[in-house]
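Biologist: I am new to this structure. Please walk me through how to read it.

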Amino acid sequence: MKIPFATFERMHATIKQKIMGAFESCYDKGWFIQGEEYKKFEQEFADYCTTAYGIGVGNGMDALYLGLRALGIGPGDEVIVPSHTFIATALAVKYAGAKPVFCEVSPETYTMNPRFIESCITSHTHAIIPVHLYGQACDMDKICEIAKKNNLFIVEDCAQAHGAIYKGKKVGSFGDVGAFSFYPGKNLGALGDAGAITTSNQDIATKIRALGCYGSSKKYIHRYAGINSRLDELQAAFLRIKLQCLDEWILERQAITNKYLQAINNEKIFLPQIGEARNHVWHLFVIRCNERNRLQMHLKDRGIETMIHYPIPMHLQRALSDLGLHKGAYPVAEHLAETVLSLPLYIGMTDEEISYVVDAINAF
């Protein structure tokens, strides 16, 4: 049996007619940038995240960058980011002109460990970026408490956690801004690159909107040195359709992962854990194994595709070598890079496919 790591085929089959109808509607209207679909999606997504404002942008890294710029983060500033996540989080800080400072993550939840945050704070620290990694919210009570105590901004990286909840609140509603990616593989994915920012601060929302439109709130009047990063009309139309399905898809992902959690029984495998007072929307189902590479080959030989998120820690990436960090600086992140493995997970995954993966893992 062949088991892909992910596939859109079954998910998209259920909404194909609506998607094609949305395309034809946009095509016939002939309005492709910041039109009616764009405005409606922004408000619908803000409502979903329980924030006052949603601002559509070009992609998830632009969302982080524009959020930081709107908060005044720039040269000379430091921003605390988790040691284990996708590099876009740190790159957005660098593009804003600031310095990313890594904070170790929890080996259980893989999210930023609040116990280490205060040791990262200096007189130059101005913000924290908690990343709700793999679909699980960070420990936001403690992070918000530390941020308030030290007068720091919070920029939530929600790129992998659309719909995730901590103590009854949606991610994207805790910080000064929330940054989302709608890359096609996300739980809420466009049919191309797309992103959004959430906030309940009107001044921040206004500035973000201007920064993403060449620094302009009024045509040909440019207050800021902005960029061009806008959610296009067609992707907004597609996302409006998918947003209506998101909660149903989250439930399906939770049902699949519950079967994994109940059936995988191998002492060599460390299963993901869910932190206190939060759900998990399972963008990825990430196990750990000290013989990860051999396990991955074992599964590949049986037709099961897996992925590694992420094989090289950020502090060891050449792109961030100017930070002067070396192997051993962040042992938790380095251990995760050597042991994590993401299993197949997609909408429409059958019980037979799940059992096939489970049996292969238990036989390792």
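**Pockets, cores and rings**

Modeller: Start with the largest pocket: α4, α5, β8 and α9 each supply at least two residues of its lining. Helices (H or I, at least four residues) and strands (E, at least two) are DSSP runs, numbered from the N terminus. This is a predicted model: local features need pLDDT of at least 70, side-chain atom pairs count only at pLDDT 80 or more, and totals for chains, interfaces and linings use all residues. Residues are numbered from 1 along each chain as its sequence is written, and side-chain values use heavy atoms, with hydrogens and water left out.

Biologist: What volume does the largest pocket have, and how many residues line it?

Modeller: Rolling a probe the size of a water molecule over the atoms shows where empty space is left. On a 1 Å grid over the protein atoms alone, a pocket is an open set with protein on both sides within 12 Å along at least five of seven lines; a cavity is a set of points where a 1.4 Å probe fits but cannot get out; lining residues have an atom within 4 Å of a point. Points are joined across faces, edges and corners, and a volume is the space filled by probe spheres set on them. Here the largest pocket has a volume of about 820 Å³. Its lining has 39 residues, and Q160, Y183, G185, K186 and H283 lie nearest its centre.

Biologist: How many cavities of 30 Å³ or more are there?

Modeller: The search of the whole structure finds 2. The largest cavity has a volume of about 40 Å³. Among its lining residues are Y110, Y134, H280 and W282.

Biologist: Which residues touch the most other members of the largest nonpolar core?

Modeller: A nonpolar core is a set of buried Ala, Val, Leu, Ile, Met, Phe, Trp, Tyr and Cys residues joined through side-chain atoms within 4.5 Å. Buried means under 20% relative accessible area, exposed over 50%, partly exposed in between (1.4 Å probe, protein chains only). The largest core has 46 residues, and L68, V79, F102, I129, I208 and L320 touch the most other members. Elements giving two or more residues include β1 (53-57), β2 (78-82) and α11 (331-339). α4 gives the most, with 6 residues. Apart from this core lies another, of 39 residues, F41 and L231 among them.

Biologist: What is L320 in contact with?

Modeller: Contact means heavy atoms within 4.5 Å. Leaving aside neighbours within four places in sequence, L320 is in contact with I87, A90, L91, K94, F102 and M314.

Biologist: How many aromatic pairs are there?

Modeller: Rings of Phe, Tyr and Trp (its six-membered ring) pair if their centres lie within 6.5 Å; planes under 30 degrees apart count as stacked, over 60 as edge-to-face and the rest as tilted. The whole structure has 11 aromatic pairs. F86 and Y310 form a tilted one, 5.9 Å centre to centre, with 35 degrees between the planes. F86 is in the loop between β2 and α5 and Y310 in the loop between α10 (292-301) and α11, so the pair ties together parts 224 residues apart in sequence.

Biologist: Is F86 buried, exposed or partly exposed?

Modeller: F86 is partly exposed, at 47% relative accessibility. Y310 counts as buried, at 13%.

Biologist: Which residue lies over the face of F174?

Modeller: A charge sits over a ring if NZ of Lys or CZ of Arg is within 6 Å of the ring centre and within 35 degrees of the ring normal. K169 lies over F174, at 4.6 Å from the ring centre.
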